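Student: I would like to go through this model by question and answer. Please show the sequence and the structure first.

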Amino acid sequence: MSGISGHWAFAFGVLGNIVSFIVFLSPLPTFYKIYKKKSTDGYQSIPYVVALFSSMLWIYYAFLKTNTTLLITINSFGVFIETIYVGFYLFYAPKKSRVQTIKMLLLFVVCGFGAIIVVTEFLFKGAVRGQVVGWICLIFSLCVFVAPLGIVRQVIKTKSVEYMPLLLSIFLTLSAVVWFFYGLLLKDINIAIPNVLGFILGILQMVLYVIYNKKEKAILKEQKLPEKLQNHMIISIDEKNKNFPELTEEQIIDIVKLGSLISSGKIHIASCLHDAVCASAKIENTPNNLHTVEAKN
């Protein structure tokens, strides 16, 4: 029975490597946008710094455990690609964002990872060391899944999904499912538990993407005028009185100026009622089609 479980664990581990490989590559469209814009405006570096730190921790954990070769392979690639991402971000980031990213690198990668190695190597021995490092990995794996919540907050605030890549959310959710079963089959809660939260947050991001992507399209559609009304002037007439209000001397002068533009054929007029659909009509540049409006004093 344990042999069958081991085979399934290996299968899920291989599948997890494939999915995680895609997850690590999924930010490429984001960095292509940064390259095109020559700026990181609107994007945050914390998900990549935390992912780098998490990959380093999992490699350390894997060396303390047995039968964890698949963890070493994928997280080694993770360290490699996340280092490239962070370097790319630093290159195009403004000074303030660059300083913040460097501070996070010093905090997590240098001080944090260094302190974990020193403490666990000197204070813990054998299996206990592996358990302690495993719990640390569990905590920071949760941080990897929680890190995109900053982007989620930005999506809710701006009602725009521009800075939340859907592809990354989909593959993070799929990766969480695969690694959950891998940890479950190995009976390693340090691997299984974080991926439960990862699945929940992944679903949340996809739901928000669907909701706000539809709203964003609706807003853009409302902002676009129909082609028939472009370059037309719309005059609103009171439906009850159907008369123009009394005009001041300045308004009469404006009407005279407007008449000169109309006579040149450069302006089209659409007359409409408040609760009726506007009907557009082009005023020809002929005397018969010109109408004068008398204002009562």
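Tutor: Residues are numbered from 1 along each chain as its sequence is written, and side-chain values use heavy atoms, without hydrogens or water. The model is predicted: local features need pLDDT of at least 70 and side-chain atom pairs 80 or more, while totals for chains, interfaces and linings use all residues.

Student: How many helices and strands does the chain have?

Tutor: Helices (H or I, at least four residues) and strands (E, at least two) are DSSP runs, numbered from the N terminus. In order the elements run α-α-α-α-α-α-α-α-α-β-α-β-β. The count is 10 helices and 3 strands.

Student: For residues 70–92, how far apart are the end C-alpha atoms?

Tutor: The UniProt record (unreviewed entry) lists residues 70–92 among the spans named "transmembrane region"; its positions follow the numbering used here, feature names are shortened, and annotations may be inferred rather than shown by experiment. Residues 70–92 are 100% helix and 0% strand. Their end C-alpha atoms are separated by 34 Å.

Student: And what is the end C-alpha distance over residues 104–124?

Tutor: This span also carries the "transmembrane region" feature in the UniProt record. Its chain is 95% helix and 0% strand. The distance is 27 Å.

Student: Is the ring pair of Phe 12 and Phe 181 stacked or edge-to-face?

Tutor: Rings of Phe, Tyr and Trp (its six-membered ring) pair if their centres lie within 6.5 Å; planes under 30 degrees apart are stacked, over 60 edge-to-face and the rest tilted. The whole structure has 17 aromatic pairs. For Phe 12 and Phe 181 the centres are 5.5 Å apart and the planes at 25 degrees, so the pair is stacked.

Student: What type of pair do Phe 24 and Phe 77 make?

Tutor: Phe 24 is in helix H1 and Phe 77 in helix H4 (residues 69–92), so the pair connects parts 53 residues apart in sequence. The ring centres are 6.1 Å apart and the planes are at 65 degrees, so the type is edge-to-face.

Student: Is Phe 24 buried or exposed?

Tutor: Buried means under 20% relative accessible area, exposed over 50%, and partly exposed in between (1.4 Å probe, protein chains only). Phe 24 has 12% relative accessibility, so the class is buried.

Student: Which residue lies over the face of Tyr 35?

Tutor: Tyr 35 belongs to a cluster of ring pairs with Phe 31, Tyr 48, Tyr 85, Phe 88, Phe 91 and Tyr 92. A charge sits over a ring if NZ of Lys or CZ of Arg is within 6 Å of the ring centre and within 35 degrees of the ring normal. At 3.8 Å from the ring centre of Tyr 35, the residue is Lys 38.

Student: What is the phi of Asn 67 near?

Tutor: Most residues other than glycine have a negative phi. Asn 67 is in the loop between helix H3 (46–64) and H4 and is exposed, at 66% relative accessible area. Its phi is positive, near 55 degrees.

Student: And what is the phi of Lys 187 near?

Tutor: Lys 187 is in the loop between H8 and helix H9 (189–223). With a relative accessible area of 77%, Lys 187 is exposed. Its phi is a positive value near 60 degrees.
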